Amino acid sequence: MENTKRCPYCGEEIMAAAKKCRHCGEWLNAQSPSMKNLIIENNQETNIADKLEASISTYIASCAKKFKTIFLLGDNLSDSIIRQHRKYASIKSNEKVLMAVNKILLYPFSGLGIIITDKFLYYRLVNHNFKIIPLITMFKNKPVGSIPLTDIESITIGRDVMTIGGEYFGNEFIVNGRVIGLLPFTAFNWDAAAEELNQIFKVFNHKG
């Protein structure tokens with residue numbers, strides 16, 4: 001009786017000496033499914049990172065109004081700004097920083113912003129689920145974290161939100177259609193700053 005084995009891709013039984021699965025057509029001397037998926041993910045990651053970098057370059061070349069609160073690779077993004085954002089973003093040495101929003105001067109009180117590398121979006125935002133006393137909830141349960149670029153389908157800067165007293169609280173920061181917090185701009189023209197970022201972030205709506 002001939003020896004058989006299971007195809008690592010589809011699980012069907014095939015001959016032990018088979019070099020290609022007769023059921024799913026996969027070559028068996030290629031990378032394992034996990035390695036293959038890793039290569040696909042890395043290609044997607046590189047693809048969206050390259051597109052974002054190109055979008056940033058295009059925006060800089062357009063000579064559109066740029067705000068001091070937004071820092072872009074090839075323009076005003078400095079090592080000092082990157083070091084400030086490292087206070088909440090665990091950026092690895094093999095990551096290329098593409099852009100950042102806000103100066104992180106007095107941590108944790110003014111340590112609110114985002115920074116995007118070729119691998120992750122890092123954020124530290126204002127809690128948008130504030131109730132009665134906004135200025136207390138602003139510094140309580142702040143959304144902090146990171147999202148792989150490969151998991152991002154869209155990023156949008158939404159409406160500006162005011163406190164009960166009418167003070168600026170921040171703009172909605174929306175990832176994949178969900179508000180994850182408020183991103184306050186350290187600039188007076190919030191709508192224009194939001195529009196600047198939305199122009200750059202359009203690239204996330206055209207992945208693939």
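# Reading the calls in a predicted model

Guide: The protein chain has 4 helices and 10 strands. This is a predicted model. From the N terminus on, the order of elements is β-β-α-β-α-β-β-β-α-β-β-β-β-α. Of the 208 residues, 42% count as buried.

Visitor: What makes Lys96 and Glu53 a salt bridge?

Guide: The closest N and O atoms of Lys96 and Glu53 are 2.9 Å apart. The cut-off is 4 Å between a side-chain nitrogen of Lys or Arg and a carboxyl oxygen of Asp or Glu. The pair therefore qualifies as a salt bridge.

Visitor: Which parts does the pair of Lys96 and Glu53 tie together?

Guide: Lys96 sits in the loop between helix 2 (79–85) and strand 4 (97–101), while Glu53 sits in helix 1 (residues 33–61). The pair therefore ties together parts that are 43 residues apart in sequence.

Visitor: Why are Lys96 and Glu53 called partly exposed?

Guide: Lys96 has a relative accessible area of 37%. Glu53 has 24%. Buried means under 20% and exposed means over 50%, so values in between are called partly exposed.

Visitor: How many salt bridges does the structure hold?

Guide: The structure holds 2. One of them joins the side chains of Arg159 and Glu172, at 3.2 Å from N to O. That value is within 4 Å, so the name applies here too. Arg159 belongs to strand 8 (residues 155–162) and Glu172 to strand 9 (residues 168–175), so this bridge ties together parts 13 residues apart in sequence.

Visitor: How do you know whether Arg159 and Glu172 are buried or exposed?

Guide: Set each value against its cut-off. Arg159 has a relative accessible area of 54%. That is over 50%, so Arg159 is exposed. Glu172 has 15% relative accessibility. That is under 20%, so Glu172 counts as buried.

Visitor: Why is the aromatic pair of Phe120 and Tyr122 called tilted?

Guide: Start with the distance. The ring centres of Phe120 and Tyr122 are 5.7 Å apart, and pairing requires centres within 6.5 Å. Now the angle. The planes stand at 45 degrees. Stacked needs under 30 degrees and edge-to-face needs over 60, so the pair is tilted. The structure holds 2 aromatic pairs.

Visitor: What is the accessibility of Phe120 and of Tyr122?

Guide: Phe120 comes to 26% relative accessibility and counts as partly exposed. Tyr122 comes to 3% and counts as buried.

Visitor: What makes His85 a buried residue?

Guide: His85 has a relative accessible area of 0%. The cut-off is under 20%, so His85 is buried. His85 lies in helix 2. Leaving aside neighbours within four places in sequence, His85 is in contact with Ala100, Val101, Asn102, Ile104, Gly113, Ile114 and Ile115.

Visitor: Why does the pair of His85 and Tyr88 count as a polar contact?

Guide: The side chains of His85 and Tyr88 make this contact at 2.7 Å. The limit for a pair of N or O atoms is 3.5 Å, so the distance passes.

Visitor: How do you know what span is expected of helix 4?

Guide: Helix 4 (residues 190–201) has 12 residues. The expected span is 1.5 Å times one less than the number of residues. Helix 4 reaches 16 Å from its first C-alpha to its last, close to the 16 Å expected.

Visitor: Which residues of helix 4 are buried?

Guide: Ala193, Ala194, Glu196, Leu197, Asn198, Ile200 and Phe201 are buried.

Technical notes: Residues numbered from 1 in each chain as written. Predicted model: local features only at pLDDT ≥ 70, side-chain atom pairs only at ≥ 80, totals over all residues. Heavy atoms only, no water. Helix = DSSP H or I, 4+ residues; strand = E, 2+ residues; numbered from the N terminus. Buried < 20%, exposed > 50% of the residue type's maximum accessible area, 1.4 Å probe, protein only. Phe/Tyr/Trp six-rings, centres within 6.5 Å; stacked < 30°, edge-to-face > 60°. Polar contact = N/O pair within 3.5 Å; in protein donor to acceptor, adjacent residues only side chain to side chain. Contact = heavy atoms within 4.5 Å.
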